[in-house]
Amino acid sequence: MNDSTTFSRRKFIGISSLAGVGWAFSGLPSIAQPSVSRLGTFSTSRTFKMGMIGCGNRSKALIAALNSVPEIEITALCDIVPHKMEQRSQLIKGQPKPKFVNTLNELLNMSELDCICVVTPNDTHKAIVIASLEAGKHVFCEKPMALTVADCNEMIGTVERTRKVLQIGHQRRHSAEWRLLVETIHNKPLGKILQSSLYDYRGDWRVPDADEYPAGVEYWRLNQARSGGVVYEMGAHIIDINNWVFDSEPVAVCSIQGVNNFSLRKRDSSDHAGVLVQYANGAMMNYGGNVYNYGSTALDTFFCVNGTVQLGGGKLSIKYGSPAGFPKPADMPAPEEISLRERNQEGDGTAEQFQHFAEAMDGKAKAFPDGYIGRRVVQIMQGSLIAAKEKRIIEVKELG
Ligand SMILES: NC(=O)c1ccc[n+]([C@@H]2O[C@H](COP(=O)([O-])OP(=O)(O)OC[C@H]3O[C@@H](n4cnc5c(N)ncnc54)[C@H](O)[C@@H]3O)[C@@H](O)[C@H]2O)c1
């Protein structure tokens, strides 16, 4: 197993976890507050030329982010629906108009391209990533890395053979807000992490316009085999953060998921899920999500031996405490509440991840998050699908 998590913690967190060491931490440095953004704080030796494949909804946010990353130029767009390339090209600022191509082969034949940005439906990621790496391109691939652990293994094998960069689009790894959460749990005197409680709710997927897909092509998000359903599409983000917080490998997964709201749209992709995961360090994640709720989102909560951390509503709150009947230590820290809005630390890291990708292509950094980190999320997501289908606990090692 590659130790990219250790790399990432050294790079982004600075000091190691203080798990299980007790209360006496008055001499510790306070959490290093991550800067709002590193954009513009470094330069690469040259501009990298990117071909973006998939000009759908997500590409709008990626192009907006890339407009603030001068180290990368979008030189080509590729989509099976021609008018989407024209629409997206209009969002690109301060760069020559990109070339439009309809097939991956045409894109990969453009020798001037340094890298490919994969923004196509989930079931296409593996083939496009592998073909791009084999063609000598660096690759940025949107989350989820792939649908199965076996596919991730093939992708990682291709990275190792081609020595090209593969970075996965878990943008929260580059967001100041999420880094603050991880640093808080690792560095504050909270003790060993024991459990998390994480929930995502949203009101169904976007309804695509009639001309967005070729005639007869259904919306892939409503198709379980193409998307993986709610855990892959929505859960992937917070599951990755949980993996970062827990800093341990998932070992067992159980889940109930499926479709239980038939009133919205015809679909076979799961619209709700509950997923329980046990990690090698003994900690447990409890994830729940659905795509038919229009209410507010619950707080992400992390329970440690000496306290609880909650993130949500623009705030990070840290509460310390010991159970009733246990003496309260004299040096127990006071609760803390950090307003993310006041500190301007909200922001999802989409632009920053591309700046990091440029650094990685320039040989100045390792891809982050890399395929090993992406695969760890897929271990949980694929494990949850099989667990729900077969109504049993899945051991992650079964997945290969
Ligand atoms: N990181 C995030 O926060 C985030 C957010 C949304 C979506 N995503 C991911 O981005 C990816 C795309 O999602 P989306 O919402 O843009 O979907 P979408 O359906 O809006 O867009 C997908 C595009 O890919 C094109 N396409 C499909 N197959 C193709 C092929 N073989 N060659 C060229 N083009 C092809 C489609 O025509 C479409 O324009 C998914 O993997 C999704 O999970 C990530």
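Me: Which residues does M284 touch, leaving out residues up to four places away in sequence?
Reply: This is a predicted model. M284 lies in strand β10, residues 284-290. Leaving out residues up to four places away in sequence, the residues M284 touches are Q195, L276, V277 and Q278.

Me: How far apart in space are M284 and Q195, C-alpha to C-alpha?
Reply: Q195 is one of the residues that M284 touches. In sequence the two are 89 residues apart. In space, C-alpha to C-alpha, they are 4.7 Å apart.

Me: Is M284 buried, exposed or partly exposed?
Reply: Count its C-beta neighbours inside 10 Å: there are 16. A buried residue needs 20 or more, and an exposed one has 12 or fewer. The count of 16 falls in between, so M284 is partly exposed.

Me: Why does C141 count as buried?
Reply: C141 lies in strand β5. The cut-off for buried is 20 or more other C-beta atoms within 10 Å. C141 is buried because its count within 10 Å is 24 other C-beta atoms.

Me: What separation do the C-alpha atoms of C141 and G371 have?
Reply: Along the chain, C141 and G371 are 230 residues apart. Their C-alpha atoms are separated by 9.6 Å.

Me: Which residues does C141 touch, not counting those up to four places away in sequence?
Reply: C141 sits in β5. Strand β5 covers residues 138-142 and is joined to β6 by 4 bridges. Not counting residues up to four places away, C141 touches V118, H125, V129, L166, I168 and G169.

Me: Which residue in β6 is the bridge partner of F140?
Reply: Strands β5 and β6 run parallel. Now look in β6 for the partner of F140. That bridge partner is Q167.

Me: Which are the edge strands of the open sheet of 6 strands?
Reply: Its order is β3-β2-β1-β4-β5-β6, and the pairing is parallel. An edge strand here pairs on one side only. Those strands are β3 (99-101) and β6 (166-169).

Me: What does α6 reach from its first C-alpha to its last?
Reply: Helix α6 spans residues 149-162, which gives 14 residues. At 1.5 Å a residue, 20 Å is expected. The helix comes close to that, reaching 20 Å.

Me: What do the buried residues of α6 pack against?
Reply: The buried residues are V149, D151, C152, M155, T158 and V159. They pack against α5 (125-134), β6 and α11 (371-390).

Me: Which residues around the ligand are the closest?
Reply: In total, 23 residues surround the ligand. By class, the shell has 8 nonpolar, 9 polar and 6 charged residues. Its largest share, 3 residues, comes from helix α2, residues 57-66. The closest residues are G54, G56, N57, R58 and E142.

Technical notes: Residues are numbered from 1 along each chain as its sequence is written. This is a predicted model: local features need pLDDT of at least 70, side-chain atom pairs count only at pLDDT 80 or more; totals for chains, interfaces and linings use all residues. A residue is near a molecule or strand if its C-beta atom, placed from the backbone, lies within 6 Å of it. Helices (H or I, at least four residues) and strands (E, at least two) are DSSP runs, numbered from the N terminus. Ala, Val, Leu, Ile, Met, Phe, Trp, Tyr, Cys and Pro count as nonpolar, Asp, Glu, Lys and Arg as charged, and the others, Gly among them, as polar. Two strands pair if DSSP finds at least two bridges between them. The expected span of a helix is 1.5 Å times one less than its number of residues. Two residues are in contact if their C-beta atoms, placed from the backbone, lie within 7 Å.
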